[in-house]
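Here is a colleague's note, arranged as numbered points, to be read with the structure open beside it. Please follow each point on the model as you go.

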Amino acid sequence: MRRIALPRTTFQIQVPTLYRCQVCPTYHIRSPDRQSRVCLIKWCAPFLDEPLVQELFPVMNKILTIAALCCLIAVSSLTLAAGDPAAGKQKAVTCAGCHGVDGNSMNGEWPKLAGQHVKYLVKQLQNFKNMERVNNIMNGMAMPLSQQDMEDIAAYYEEQALQPGVADPALVEQGRRLYQGGNLESDLPACMACHGPNGVGNPAAGFPSLAGQHAQYLQTQLHAFRAMERANDPAMMMRNVAAKMTDEEIQAVSSYIQGLR
Ligand code: HEC
Ligand code: HEC
């Protein structure tokens, strides 16, 4: 193959270094030749005695305002595309074989979806589709779904009533203690702190409902988080929790959650 000699490009991009602001807990940019010690964010404005900051402050302000506006537009367009449960029911026909017609699966390998929050369901389907959550079956099932399909299917499942399960009487006490109080010795946080006292989670925060879920499925997920095989939890929230759990604790808490209602 003949090589074509291209003229060398001469411009260089100087990557600015980030340093912590000395006034507020954010970062600011400091280029090697221009020293400044405060960030370019609004609340440091009273400290604007540095030439670089004075120069860049109006520009930064404009960028921040535009970014805020973009966020607003993105949020409002998301709420506009709310799911249609009736359409979702039609689209969920292919899911029923495993998850049950009404989202109450009969097999412990397949999670119950009935009553689960829309936001969490949509996130999982997106994660399966873009392979952030790895599972052969679900990666294939989510692949053809559009954003609207996901919203519709999630809206359908959220409306369905969950059929609760029962806990193993031999494990329920240990499970309850872990769920409500964690484990001080291993620094394990209480599940209740995020998933709520009754296990219904927190839709806005993206904490899923767990109550009544199959113990077998819960165990699989906790083991997967602990092994870092499931890695789609924001800020490693669940990987950090599961890392502190023993097999025995996983079994007990899963059984307790299956009986929660
Ligand atoms: C062949 C069986 C099967 C079919 C069909 C199937 N799923 Fe799943 N689904 C699973 C399994 C197994 C898991 C658990 C995956 C894991 O362990 O990560 C799962 C997990 C999920 C989850 C995550 C639940 C949670 O609590 O995190 C959602 C959401 C989901 N499926 C939705 C769907 C939708 C929507 C369809 C239809 C388009 C579908 N599934 C079809 C087997 C199936
Ligand atoms: C700091 C908050 C927090 C704490 C504490 C916490 N969780 Fe979670 N948990 C989450 C979040 C967030 C998710 C959803 C991750 C995602 O988006 O995929 C989750 C997901 C899960 C799932 C997967 C659910 C599903 O349907 O696939 C299980 C199981 C779970 N948590 C169990 C527990 C148990 C058991 C404890 C206590 C030992 C616990 N969690 C403590 C935040 C928390």
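1. The shell of residues around ligand 1 divides into 13 nonpolar, 6 polar and 1 charged, where Ala, Val, Leu, Ile, Met, Phe, Trp, Tyr, Cys and Pro count as nonpolar, Asp, Glu, Lys and Arg as charged, and the others, Gly among them, as polar. Of the 20 residues around this ligand, Cys-95, Cys-98, Gln-124, Asn-135 and Met-141 come nearest; a residue is near a molecule if its C-beta atom, placed from the backbone, lies within 6 Å of it. The elements giving two or more residues to the shell around ligand 1 are α3 (96–99), α4 (118–129) and α5 (136–142).

2. Before going further, please note that this is a predicted model, in which local features need pLDDT of at least 70 and side-chain atom pairs count only at pLDDT 80 or more, while totals for chains, interfaces and linings use all residues. Residues are numbered from 1 along each chain as its sequence is written, and chains are lettered from A and ligands numbered from 1 in the order in which they are written.

3. Ligand 2 is surrounded by 23 residues, and the closest are Pro-189, Cys-191, Cys-194, Gln-221 and Asp-233. Two or more residues of the shell around ligand 2 come from each of α8 (192–195), α9 (215–226) and α10 (237–242), and the shell divides into 17 nonpolar, 4 polar and 2 charged residues.

4. The protein has 11 helices and 2 strands, which from the N terminus on run β-β-α-α-α-α-α-α-α-α-α-α-α; helices (H or I, at least four residues) and strands (E, at least two) are DSSP runs, numbered from the N terminus. Buried residues make up 31% of the 261 residues, a residue being buried if 20 or more other C-beta atoms lie within 10 Å of its own, exposed if 12 or fewer, and partly exposed in between, with C-beta atoms placed from the backbone.

5. How do α7 and α11 lie to each other, parallel or perpendicular? The axes of helix α7 (residues 172–181) and helix α11 (residues 247–259) come within 7 Å and cross at roughly 90 degrees, and α7 and α11 are therefore roughly perpendicular to each other. Axes here are lines fitted to C-alpha atoms, for helices over the stretch in contact, with angles running from 0 to 180 degrees between N-to-C directions; angles under 35 degrees count as roughly parallel, over 145 as roughly antiparallel, 65 to 115 as roughly perpendicular and the rest as oblique.

6. Which residues touch the most other members of the largest nonpolar core? Of its 20 residues, they are Tyr-179, Leu-222, Ala-242, Val-253, Tyr-256 and Ile-257, a nonpolar core being a set of buried Ala, Val, Leu, Ile, Met, Phe, Trp, Tyr and Cys residues joined through C-beta atoms within 7 Å. The elements that give two or more residues to this core are α7, α9, α10 and α11, and the largest share, 5 residues, comes from α11.

7. The loop between α9 and α10 holds Ala-235 and also Met-236. Phi of Ala-235 is near 55 degrees, a positive value in a residue other than glycine, and phi of Met-236 is likewise near 55 degrees. Ala-235 counts as exposed because it has 7 C-beta neighbours inside 10 Å, whereas Met-236, with 13 C-beta neighbours inside 10 Å, counts as partly exposed.
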